Structures are given as structure tokens and as C-alpha cells.
Amino acid sequence: MVALLLLLVLVPAVVDVAVLSLQLQAVVLERLFLGLRPPESGEQRRGSLLVALVAEGDTGRARCTVTVAAAGELSCGVGAEALRGAPRGVLELPGVPRAPAPCCGRILHQARLRLTFQLSPRPSTLSSDCAELRRFLHKTSAVYPEVEFHFCVSVNGAVASHTYGPAEPGGAPRCSRIHPALGTPIRLRVPPPAAAVGLGGELSVLPAAALCPCHRPAPNLPTRLAAVALFLYDPVGLPAAPPLPRLFQDPSWLTDWERFGFTAAPRTPPEGEEELVTPDATYVVRQGAGAPVGDRHPQTLLLFLFLRHDDPFQAYDAGARRLLLAHLDQTLLSSRPALTRGLRTLVHPALEELRRRHESQERLARSLPVVLDAVTAVVTGSTSARFRRTCLRTMQVEDTAALAAAARRSLAEVTQRCLLPCASCETPGAPGDPRRGEGRAREGGTRHPPFRVRLGGSLRAEGTADGGGGGGGGGGRGHASPEQRGAGVVAGGGRPG
Amino acid sequence: SSEVLEAIENVIQDVLKSLAQKKAPVLTLANRSDWRNIEFKDSVGLQMTPHYTTKQIRSDCPRSAPKFALMLKMLSMIYKMVQSNTYATKRDIYYSDTLLFGSQSVVDNIISDISCMLKIPRRSLHILSTTKGFVAGNLSYTEEDGTKVNCTCGATVLTVPSNVQGIKNLISHAEFMLIVEKDATFQRLLDDDFCNKLSPCIMITGRGVPDLNTRLLVRKLWDTFQIPIFTLMDADPHGVEIMCIYKYGSVSMSFEAHHLTVPSIKWLGLLPSDLQRLNIRKDVLIPFTKQDQKKLASIQKRPYIACQPTWKKELEIMAASRLKAEIQVLTSLSSDYLSRVYLPNKLQFGGWL
């Protein structure tokens, strides 16, 4: 990453207090990502983004200095004019910003774009504002897996930081992947009010689905679908803003859960899951009555919805983004039938995959007692003392009853631990096969660069895109940390400072 | 039988050793139906190459675990039968647990795999198969249980014994043996008292594709009497293939070729060239189907045809005409042409290949 020093001088303006995170989201970060030039085919955006916040002072008189710096390719192509003009409620500080904390020094030193401004937040909302900003950055980092996002907060000298960065090569454990299957773009119906206020062009959604964590290399590991997590991104890969769209409130829009023996209900993310990318909607999934849960490892079905906006007359800028988000709820609701149809082509194969897995495991489970009975029958029925002695000694037991028990334990253990090579995850023609994605990417439109999604520091998914910006998706492979917790949660991976 | 018990015990020991080492037990099988594992020797026929490829049947893979389980189940059943000196047919084994085995062909395949894996003939595993072949002619023997059998041509036709290995005291004055493809032709020759009209002979039919016992009997008679063996097949690709099974063996049983093949077998009839020579009318001949063409093309590529130029020529005649004929076509000349003219002439004047 080549770091060029480029300081931007913005016209200072002093206004009243505004909500911190919304200010930063609406202006600085949006301007940065919206201003990025479209990636070349095959290009992955790389770089570092620093958002550092230093709050000093006592209650009622807190003063907050915010530093935003972008280094590496992330800052390439972003013209100075893209960020010119301080946001309302923000005081631009001239000069080279000093590192708010030691952890920020590296990125600051390499940054081409640096922006420092001051504002006076409400002390009562400072904590929640910081949390909201952190979540925003974390969710954005999921679709920019090659970009390091460093968020640092210092309040009266107490520093806390989070980094969402690319995984070190070779450091990920076995099959640290998810395997997103791409759906075909789903055309959305632009509601008349949105069109009336200027939201033109075509609006569509490119869906991608993956089961997380991937247990394909462990075919005998009992699993269960525990949750479905939905993520909604705008055409440049920024999270679509809350509130929760009405469409997402009832999981029945996604699929006929009963057909697969499931029930689903919406779930609000519990407290304490700060290290996780917060989904825009989560559904808890339960098996039908009578189905064993036991020690089954939970998996989450991740559904990514990448909004796409194609308008030959107007680029997707901050204004278009605001219009889109303002009418997003109505747009999704009015496009429900198309969305349901389109998503079922993704969701059903994933659920079928789970069903086939369970059937295979049942087949295996039925075979094990036959094996044990046969082995025990030969050993107990043998008249060769030498043979029986050798068998007992091999299993380190005293008698044939203990041999049967030891063999049963061992057989159960080795079959469950069976591991296949990671390459077995990529079966030709299966969801996630790049050839499938390649085929889909050729369906109309131009090829776009590969997309990658990260759901935590060591979790990413990748594929070839057939959509706009960094959030478009194509068929491909993904990476996920096997430590991902499945139930209602998407993997964490931030490195708390 | 102690060899069988020891072989099975070795398999069980290996399974337990794997479990003790926390590894998934695995059975290794030869790819016995893979042509790449087959070589041709004109003194033996089709046999497995010394360095054959293998496949693993794993106990921890959902796809192969059922087969692994069934193989161990079969081994435990064989172990018990050998210990108690009892026998069972393949059909008996299937019906002992139809739900577990699924189908007769699953049982048959597993038995062949075990026989190949342990390198022990199926008959030594105390598994019998129901024989469908018939034998008649100048032959007598004593079965293992002491029963004396006389196959002299008469009204009764005898089934090929199910325990060929156990027969002894074989006596025959036959000057040749005739293997007949079809039961209908076999019966016709019996009705015409063929065994007694010409020189004394032995007639055998597998009634289509021969089973193991019929092949074993042919081999045993060759080993015992060393008399010429001739085949009488339809002039079609299916008949040629059946003849090749007797002579050179089959791919799936190549691991037992030495006990099942008689490479010196001669092709007596019905030759494709006979159809031309006897001026058989074209309207009684049958055009080739697509399957016939495919089968003939496959046979022509087999290694044992290359070393038989006369057979190769006959197959080329068949391929060129794209017509086939059953032996019964000779009745278009006269009703008893087969036993009265065709066979005696062929045998007397050396009309075999």
C-alpha cells in the first residue's frame, strides 16, 4: 500500500450538536465509499480505514475530536472535492492530526486522506452513539474483507478499539469458509412516491445464501439449522439503514418452513453480542416436534441481499442513497412476491442440503450396529484362544463384553470425527461452484469484479460479482471461521483492543 | 476351512486394530470389474493383473458405510457356517434378512467381493448357488455325500451338481464334450438321442449365460478327461459372448480364472460362415439390433479375439451382414438337420475353429 500524504482542508463550520454516528455515516463515510471509483474487473479493494474518537471533559461539557483516515487503495480515486465541505454540526480542524491512541499511528502514518473535526456530542448518548457507529463499521467491513477497519474510542484517556481486518493467510483453520450460492437478480418494484421524488432507474436485489459454519468436511458431524440471518446492503456495500423493514418481520415470506419440518420466528439480537455483525433480521428456526436436537451443532443460514441500482442518467450518490433508504421499506413490501420466489431458489437448496446430510447420517448410524454385531459375533464365537486373546489385548479390555463396549465407543468417535479435504466443499455444479456463478454472471449485463464478504476478522466469503460496487455477488467460495456460532449470530472476529 | 476362519479372523483383527488406533476401519477391495485390471493370457484366458487397482470401503463414509457393514455381516455368517460345517445358498442368505440386504444382487456382489478379497473360492466359503445348468451323456460320478450319479442319456436330465468341488470317482468314455448354449437345443439333441448316435459324448448346457457351477464342471471334466470340448451357440453376438465366457472367463470372476476357464474350447457352430455355406434363406435370418451391434463391436475389441484370426474372420462376416441366426434356423433345411447332418459332418470333418 503506497501512502501519499494528502491533507484535506475543509471549510470549517460550527453548528449545534448532532447525533455523532449519523453525522459520520451520512457524510464522511458515505462520501468516502460513494466517491470510490468503480473497481476494475478482478480488483479487490484494499486499504485501511481509521475512525478514531477522543472524548474529553466532564459531564455536560464533553468535547469530541474525530479523526477519519483512509490509507492504501481505499483512498485512491477519491477526489478532494468528494469530501469538501464540513458536515453540519462539525468543526473542521486544520493541520496534521496526531494519533489519538498508539493503535491509530500506523494507519495515520500511511493515510492519504485525513480528516479531523470536532463536535460536542450529548454525553448521555455518547456510548450508544459509539456503539451504533461501531456496528455500522463492522457491518460495512463484512463486504470489504480486504480493507482493515480500525475503530478507536478514547474517553478521558480510557481507550477501547476494535479492528476488523483481513485474515492472515494460512492462519485460518480447516474449511474456514462459507460457500455462498448466488441467486439471480430480483427486480424490485419502485413505489410511485419514490419515483416521483426522483428515484429513477432500475432497482434490483442480488441474493446470496450460505450455511455458516461450513461443516461439509465433517459429513458425520450432527448439525441443525438454528437460525436465519439476513443482511441488507446498498449498492456500494453500505448497510441499509434501520428501521427493520416490515417485510422481514414475519419469516413466512422466505419459505414454506413446514415443508422442511421447521418452524421459524423472528428474534431480536440479545445483548452482549457486540463482537458479531448484527443482522438486519434474525429468525430462530426449530425442528418439528419429535426431531432430536441433542448435541447437534447449530448452523445459521446467512442471506445477503445486495441492492443494485442501475440508472443511466444518474450515478448512485448520497442523494440517491437517501432516497433509496427512505423508501426501502415500501419497496421491499411491494416486491414481496418476487422476492419470495427469487429467494426460494436459494433457500430450498440449502435446506435440501441439510436434509440430505441428515439422511446420510441416519444411513451411517444404521450401519454401525451391524458392524459391531458382526465383530462381536466372530470374536465371541471363535474357538481360537489366540485370536480372542489378541482381540482383547488390542482393545485393552478383559472380556468380550468390555470389548463390545470399547469397540462401540471407538467406532462412534472415529465416524463422527471423519474429516474430508476442504476441496470436497467445492463439488461441481453444487452451490458455491464458481462455474455456476460464472454462468450466472454472464446472464446479461457486464461482468463486475469479484465480491467478498467478511463476517468477522477471520471470516470471509468470495465470489464473482454481477452487480454494482463492492457488494455485488457472484457464485464463489467463502471463508468462515469454524468458531462461528450458528444460532442467530454471525461470526465475530473483531480484535478488541 | 481353517484357512477360511483364519482369513476372517485377520479381517476382524484389522478392524479392531484400527479402532484401537482411533482410525476408521477400512476394507480394501480389488476393482475386479475394471478392464484395466484384466490381462489376457491365451493359456488361461482373462485374469487379474498382479498389480491391480483397489478401492477402499470406509466405515466412516455415509456412502460406503452400509457396504462395509454388510461385508462384515457376511463374514460373520460365513464364519459361523464354516465352524458348523453347514452350507447356505445365496438365496438363503438374502432371505435371512431381506431388509438389511435390500436385494439379491447386493448379496451376490458382496459374496464375490469377499471371495476376491480373501482370495478364497466361493464354494470354500460354504456358500452355494442354485445351479441352473444341465448335464447329460456318458458320465458318472459320486457326489460328496456319497450319492452315485449317472448322466447317461435318457428321459431324465440331471442338474449340474451344486458342489462340483466335492464330486469324485468321475467315469466317462466320452470322446468329446459338447457345450450347448440354449436349453431348447439341448432338449432337442436329447430327444434325437444324439449322445448315442455318434461317438459317446457328454453334453452340458448353462441355459444361457453359465453360472459358476456349470463353468466349474466344464473345467473339472477337462482336467479329468482331457477330451475335446466344442461349443454349439447361436450365430449372434450374445452366443459368441457366452462361448467366450466358457473359454476365456469373465471380467468379474477373473480373479478365479484358473478354475473356471478352458482356453482349448473350440467353436463348432453355428458359424456365420455356415449360414452362407448352407445357403440359409435370408428371410429366416434376423437383422441386428443396436444392442447387437454394440455388443459385437465390444467383442471384436477384446484381447482374446486378436489372437484368434479365424474367429476374427467369422465376426467380420457377422458384422458385414448385420444378420444373426439361432440354431433353430437349421430346421428350415429339415427338422432333424442339426443332429442328423450338421453336427455329424462338423465333427467328422473337423469343421470347428
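Author: Two strands count as paired if DSSP finds at least two bridges between them, and the strands (E, at least two residues) and helices (H or I, at least four) are DSSP runs numbered from the N terminus. This is a predicted model, in which local features need pLDDT of at least 70 and side-chain atom pairs count only at pLDDT 80 or more, while totals for chains, interfaces and linings use all residues. Residues are numbered from 1 along each chain as its sequence is written, chains are lettered from A and ligands numbered from 1 in the order in which they are written, and side-chain values use heavy atoms, leaving out hydrogens and water.

Reader: Which residue in E9(B) is the bridge partner of Thr142(B)?

Author: Strand E8 of chain B, residues 140-142, pairs with E9(B) in the antiparallel sense over three bridges. Within E9(B), the bridge partner of Thr142(B) is Lys148(B).

Reader: Which strands of the sheet E9-E8-E11 (chain B) stand at the edges, each with a single partner strand?

Author: The open sheet of three strands has the order E9-E8-E11 in chain B, with antiparallel pairing. One side of each edge strand is left without a neighbour in the sheet, because each has a single partner strand; these are strands E9 (148-150) and E11 (168-171) of chain B.

Reader: What is the angle between the planes of Tyr248(B) and Tyr304(B)?

Author: Rings of Phe, Tyr and Trp (its six-membered ring) pair if their centres lie within 6.5 Å, and planes under 30 degrees apart count as stacked, over 60 as edge-to-face and the rest as tilted. By this rule there are eleven aromatic pairs over all chains. Tyr248(B) and Tyr304(B) form one that is stacked, at 4.6 Å centre to centre, and the angle between the planes is 15°.
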